Amino acid sequence: MDLNNKVAVVTGASAGIGEAIAKALSSAGAKLILTARREDRLQALQNSLPTESAVLAGDIADPAIADQLLDLAKEKFGRADILINNAGFLSTNPIDMIDLDLMTQMIRVNLEAVVRLSYVFGREFKAQGEGAIINVSSIGGSLTVPTWGVYCAVKAAVETFSQSLRIELGSSGVKVGIVAPGSTKTEIFEVQKAHGENPVEQEIDYLEADDIANAVKFMLEQPNRANVSRLHLYASAEIA
Ligand SMILES: NC(=O)c1ccc[n+]([C@@H]2O[C@H](COP(=O)([O-])OP(=O)(O)OC[C@H]3O[C@@H](n4cnc5c(N)ncnc54)[C@H](OP(=O)(O)O)[C@@H]3O)[C@@H](O)[C@H]2O)c1
C-alpha cells in the first residue's frame with residue numbers, strides 16, 4: 001500500500017507506540033484520525049504532524065466510539081483506509097492483590113474495543129474492497145506468566161481474533177495483521193505504577209516506540225498480494 005493520502009485511524013495516539021505510529025504514517029503522507037482520552041496530548045500531536053488530521057477524544061471502551069471514529073473519518077476525509085488498534089494498558093498483580101474491576105477494564109480496553117473497532121471498520125473496508133487493520137498485541141500473547149494471566153490471555157485472544165478475521169476478509173482485499181512488541185520504553189509502566197503496581201524492570205536495552213512504528217509501516221507498505229500477518233518484535237536481549 002502506498003501510504004500517501006491514505007486515511008489512518010490510530011487509537012491510543014496520545015503516547016508511546018500509538019503516538020510513534022501516528023508520526024510515522026503521517027511522515028509517509030497518510031492523513032490521521034487520532035484518538036485517546038487526553039485531548040491536550042492529541043492536539044499537540046496534531047499540531048506537530050506534517051499531514052492533515054482530526055482528533056476525537058474519548059474512552060475506547062465506550063461502545064459508541066467505533067462508529068464515531070468511522071463517521072469522523074468519512075466526514076473529514078471521505079473515507080478510511082487503515083485502522084491501528086493500539087490503545088491499551090498493562091495491569092499485573094499477585095492473586096491476593098488483584099483488582100477485579102481493573103481486570104475487567106483491561107478486557108474491555110485491550111480486547112472488547114479491538115473487536116468492536118475491527119468489525120465496524122472491517123465491514124466498511126470489505127464494502128470498499130480494500131483496507132488494512134493492524135492490532136497491537138504483545139509477546140505476552142504467546143507467553144504464560146504468573147500474575148500476568150489476564151493481560152496474556154487478552155493479547156492471545158486479540159491474536160486469535162485477528163487471524164480469524166484475516167482469513168475471513170482476505171479475499172475481499174482487506175488485510176488484517178498483528179504486531180507483537182516486546183518490552184518497549186513507553187508510559188505503560190508509569191500507568192502500572194499509578195495503579196499501585198510494581199512493573200518488572202529488566203536490565204536490558206528496551207525497544208523504542210519508533211521501532212514498533214517502523215514495523216507497522218513495513219507491514220502496511222507491502223504490495224496487495226502480501227500480508228505480514230504476524231510480526232513479533234523482541235528487544236534483542238529479551239529473555240522471554
Ligand atoms: N510498552 C510495552 O512494553 C508494550 C509491549 C507489548 C505490547 N504493548 C502494547 O502496546 C500498546 C500501546 O502501549 P504503550 O506501551 O504505547 O503504552 P502507553 O505509552 O501507556 O500508551 C497507551 C495509549 O493507550 C491509550 N489508552 C489507554 N487506555 C485507554 C482508554 N480507556 N481509552 C482510550 N485510550 C486509552 C492512552 O491514552 P490516554 O491515556 O490519553 O487515554 C495512550 O495513548 C498497548 O496495547 C500495549 O498493550 C506495549
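## Strand β1 and its burial

Keep in mind that this is a predicted model. Start with β1, residues 7-11: five of its five residues are buried, so the strand is largely enclosed by the rest of the structure.

In a regular strand, side chains alternate between the two faces of the sheet. Here, Val7, Val9 and Thr11 point one way from β1, while Ala8 and Val10 point the other way, and all of them are buried.

## Who sits beside β1

One partner is β2 (residues 31-36), which runs parallel to β1 and is joined to it by five bridges. Within that pairing, Thr11 has Thr35 as its bridge partner.

## Strand β6, covered on both faces

Now jump to β6, residues 174-181, where eight of eight residues are buried. One side carries Val174, Val176, Ile178 and Ala180, the other Lys175, Gly177, Val179 and Pro181, and every one of these is buried.

## Who sits beside β6

β5 (residues 131-136) pairs with β6 in the parallel sense through six bridges, with Val136 opposite Val179. Getting from β5 to β6, the chain passes through helix α5 (residues 149-169) in a right-handed β-α-β crossover.

β9 (residues 230-233) is another parallel partner of β6, with four bridges between them. Val179 turns up here too: its bridge partner in β9 is Leu231.

Note on methods
Residues numbered from 1 in each chain as written. Predicted model: local features only at pLDDT ≥ 70, side-chain atom pairs only at ≥ 80, totals over all residues. Buried ≥ 20, exposed ≤ 12 C-beta atoms within 10 Å, placed from the backbone. Helix = DSSP H or I, 4+ residues; strand = E, 2+ residues; numbered from the N terminus. Pairing = 2+ DSSP bridges. Right-handed = clockwise from strand over helix to strand, strands pointing away.
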